[in-house]
Amino acid sequence: MLGTPAILPERGIGDRLTALFWRRPRVLLALLLIPPLVWLGVVYLGSLVALLLQSFYSIDEFSGVVKQEFTLKTYAELFRAQNLDIILRTVLMAALVTLASAIIAFPIAYYAARFARGRWKAVFYLGVMLPLWSSYLVKVYAWKLILAREGILTWIADHAGAGPLLARALDEQWFGGASLSTSPVGTFIVFVYIWMPYMILPMQAALERVPATMLEASADLGASRAQTFRSVILPLALPGIVAGSIFTFSLTLGDYIIPQIIGNSARFIGLAVYQFQGTAGNLPLAAAFAVVPIMIMLVYLGIARRMGAFDAL
Amino acid sequence: MTPAVEFNAVSRHFGTVKAVDGVDLTIAEGAFFAMLGPSGSGKTTCLRLISGFEKPTAGGIRIFGQDVGAVPPNRRNVNTVFQDYALFPHMTVRDNVAYGLMVKGVDRRSRLEKAEELLALVKLPGYGERKPGQLSGGQRQRVALARALINEPRVLLLDEPLGALDLKLREAMQDELKALQKRLGITFVFVTHDQHEALSMADSLAVFNDGRIAQIGTPEDVYSRPQTRFVADFVGSSNVLPPELTAALGGPSKWASLRPEAVRLVPMGHDGTVKTVRYLGAGSRVVLEIGGTEIAAMVPAGQPIPETGAQAAIAFDPRALHVMAE
Amino acid sequence: MHSEQAGPGVKIAAGLGLAFLHLPILLIFLYAFTTEEKSYQFPPPGLTLQWFGVAWHRADIWPPLWLSVQVAAIATAVAIILGMLIAGAMAQTRFFGRDQISLLILLPIALPGVITGMALRSAFAMMDIPFSVWTIILGHATFCIVIVYNNAVARMRRLSGGIMEASADLGANGFQTFRHVLLPNLGSALLAGGMLAFALSFDEVIVTTFTAGQQSTLPIWMLNELVRPRQRPVTNVVAIVVFAVTFLPILAAYYLTRDGDATAGAGK
């Protein structure tokens with residue numbers, strides 16, 4: 001066996017490159033990173049910069065042509081009453097959706113984290129992931145079927161003897177409409193349906209980190225279920241809830257498909273962006289509108305960070 | 001004869017951590033060489049410096065006389081049995097063993113034949129179709145050994161090769177490895193933190209401490225003539241005598257080591273107090289406290305054993321007292 | 001913990017919550033068989049299979065379907081390559097700027113789609129880039145990278161680093177190690193990531209409307225049908241197809257990666 005050389009000869013380009021990467025690991029690192037960073041840097045960051053630039057341009061009111069000069073005029077337009085309305089309505093909706101999502105998501109996350117074992121754990125996981133990943137449009141469409149005047153919900157209400165109640169509710173100016181599918185409450189329900197699953201997983205992860213012994217300790221000390229929940233579980237799960245709320249809040253803030261299909265054609269930020277860049281041809285104002293959710297999210301993330309939500313992601 | 005491996009003032013620093021610090025080392029061809037030391041002493045880093053997975057921050061390494069400063073691991077004819085075996089989970093045992101030949105471009109038939117040969121060598125004939133996940137720890141270790149030997153390396157590196165095995169299996173493997181090394185004549189370098197393993201298997205060993213070599217020599221050298229307190233304590237479980245005690249016992253005023261087997265008990269004396277007595281079958285280990293230092297003595301079976309708390313004196317052949325440099 | 005039982009309140013609320021997530025989708029299937037094409041009447045006055053045939057022969061469905069498949073396939077291919085490269089770099093040692101890079105990868109799906117869409121739209125407008133298949137792909141690949149990356153990096157973390165070293169130790173150069181050791185072990189994770197990326201791209205509408213111009217992908221076709229319905233049950237037939245294309249990959253990805261940590265889809 002001793003006939004073999006101690007150092008083997010170099011065979012071809014593969015060996016030569018391997019030797020180069022071994023001597024200079026940074027070269028390999030750079031080669032790996034350059035393509036994706038060029039892509040993300042140019043395509044994505046470049047676009048965000050373009051967005052920001054565009055928002056500082058303005059549109060010539062007579063010719064409709066974009067003037068590529070720096071101005072704050074477009075941002076000032078955001079503060080017009082009807083535009084402020086849009087922003088406030090969107091933020092309010094996002095906040096309500098986030099709150100409702102937290103309430104609906106909590107029992108699911110709580111059960112999955114604390115009681116589900118083995119098979120059931122997998123069932124819960126898939127039970128959350130499948131709706132989350134299923135086609136967005138199909139899910140929205142399903143609700144158009146449900147909320148339609150002639151749809152299943154009206155049918156159920158009629159058969160349960162609640163038809164008049166539903167009709168009266170729809171007469172309410174605040175959230176009613178001709179039918180559920182053209183009412184703000186309809187928009188709200190669909191928002192919750194679409195974005196709520198995003199809250200479950202971070203919440204579940206946070207709840208799984210609450211040690212069972214801590215809950216037992218609380219029970220040993222004579223705390224009732226409600227007390228344990230309020231003073232032990234909730235504070236410990238809060239970072240997870242806040243982490244989940246980042247998604248529901250952010251995604252609701254930017255959505256423009258749902259209010260287009262379900263609702264009373266009241267405008268939201270996303271819809272405004274869509275319409276200004278499209279039919280209105282006012283790219284600068286659309287860009288400025290798109291900057292609004294970024295700013296709101298920066299503030300939101302700042303608060304979330306303080307509450308420890310980033311550790312829960 | 002050219003040494004198999006030579007370290008010339010080799011250092012490997014990670015930031016401020018000096019994993020290996022100025023090591024000089026020569027491993028003779030055909031040796032069964034052990035690197036012994038506690039965890040974090042630099043022995044594994046030294047092994048990785050030989051295989052090429054670490055590069056020295058200073059100094060040079062030669063393998064059979066050739067400088068390997070610019071030679072990546074794949075071109076060093078040195079193979080490793082990894083501590084966790086690192087078998088390829090997606091390949092059969094046979095393909096695992098044949099891997100080294102496959103990447104060299106050896107045709108399928110010859111390499112599978114050779115793999116069978118090696119599986120027979122490590123006493124796993126007929127296991128070729130299995131996946132590593134279906135093997136026991138001991139079997140995986142044999143596969144790792146066969147895989148590392150298929151390229152006929154000039155040096156075989158073994159990183160804590162027996163660490164994951166239970167005691168009985170470990171002793172059997174020690175004998176087998178030793179026999180295998182004799183038969184193949186390959187230089188074996190193995191890393192261990194177990195002094196018994198190092199002493200019983202190696203014909204030459206280096207004791208590592210804090211990134212440096214504390215002592216290098218034959219097992220007999222290191223065990224009987226430790227050069228430092230660390231070696232005496234780590235390798236031999238020897239009695240380490242501070243200078244004052246050495247002087248009081250008739251030696252020079254220096255640190256010294258004294259093996260428990262060399263110590264006899266004199267029942268009538270008053271050197272110190274018996275602290276513990278442990279029965280070990282072939283004899284008893286009696287620990288006395290003499291002037292604040294604990295001295296162990298091996299009392300052969302059949303001789304009187306003092307009781308705990310009794311007074312006793314010790315006697316020994318002056319030649320057994322080994323004076324150390326530090 | 002095991003001795004403890006869930007209270008009936010928690011059980012019922014969790015069950016209702018899951019039912020709320022799953023029941024609505026079933027209606028899509030029901031309405032594909034209804035005989036009523038002008039409204040969403042419930043219960044359907046009659047059931048028929050004819051809409052599947054009608055959908056098959058509708059000429060306006062095939063081009064968007066083909067475009068969606070093309071876009072998703074190319075975007076997925078780009079995402080697999082780029083995602084794998086970043087995962088490879090990130091699995092290596094720590095380096096300066098590592099955290100910033102992971103944030104950069106995440107950003108395209110963390111920010112609402114309308115921002116990504118509007119940003120791309122602004123960039124295309126400023127550089128006078130005309131809309132094409134490639135403008136759509138550009139956007140899709142960008143948010144698909146993170147999906148592949150998440151799956152690949154999770155698998156790499158789980159792989160024993162020893163097997164890469166073992167391969168080099170046995171004489172394989174970097175390319176041989178990649179082909180014979182890394183790729184076979186990474187394969188199912190890449191497949192899972194790729195399928196999820198395909199699903200995400202195939203279904204995407206929010207960014208696409210900003211980058212498509214006059215072209216129509218299947219989701220854009222569907223969106224138009226939702227705003228101005230024609231034969232409603234035909235839309236349901238298409239919806240079932242879209243649903244299947246998004247539903248099956250997550251199921252498959254789950255089975256491909258379940259022996260590791262449950263990471264499939266956690267990135268969406």
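In the predicted model, Val155(B) stands opposite Thr187(B) in strand β8 of chain B (residues 187-192), strands being DSSP runs of E with at least two residues, numbered from the N terminus. Strand β7 (residues 155-159) of chain B runs parallel to β8(B) and is joined to β8(B) by 5 bridges, where pairing requires that DSSP finds at least two bridges between two strands. Strand β3 (residues 32-36) of chain B is likewise parallel to β8(B), with 5 bridges, and Met35(B) has Val191(B) as its bridge partner. Of the 6 residues of β8(B), 6 are buried, that is, 20 or more other C-beta atoms, placed from the backbone, lie within 10 Å of their own. Thr187(B), Val189(B) and Val191(B) point one way from the strand, whereas Phe188(B), Phe190(B) and Thr192(B) point the other way.

Between chains A and C, 76 residues of chain A are in contact with 73 residues of chain C, contact meaning C-beta atoms, placed from the backbone, within 7 Å. Helix α2 (residues 25-55) of chain A gives the most to the chain A side, with 16 residues, helices being DSSP runs of H or I of at least four residues. α2(A) packs against helix α5 (residues 113-126) of chain C at an angle of about 75°, with the axes 7 Å apart, and α2(A) is therefore roughly perpendicular to α5(C), a term for angles of 65 to 115 degrees.

Residues are numbered from 1 along each chain as its sequence is written, and chains are lettered from A and ligands numbered from 1 in the order in which they are written. Local features of this predicted model need pLDDT of at least 70 and side-chain atom pairs count only at pLDDT 80 or more, whereas totals for chains, interfaces and linings use all residues.

Note on methods. Two residues are in contact if their C-beta atoms, placed from the backbone, lie within 7 Å. Axes are lines fitted to C-alpha atoms, for helices over the stretch in contact, and angles run from 0 to 180 degrees between N-to-C directions. Angles under 35 degrees count as roughly parallel, over 145 as roughly antiparallel, 65 to 115 as roughly perpendicular and the rest as oblique. A residue is buried if 20 or more other C-beta atoms lie within 10 Å of its own, exposed if 12 or fewer, and partly exposed in between; C-beta atoms are placed from the backbone.
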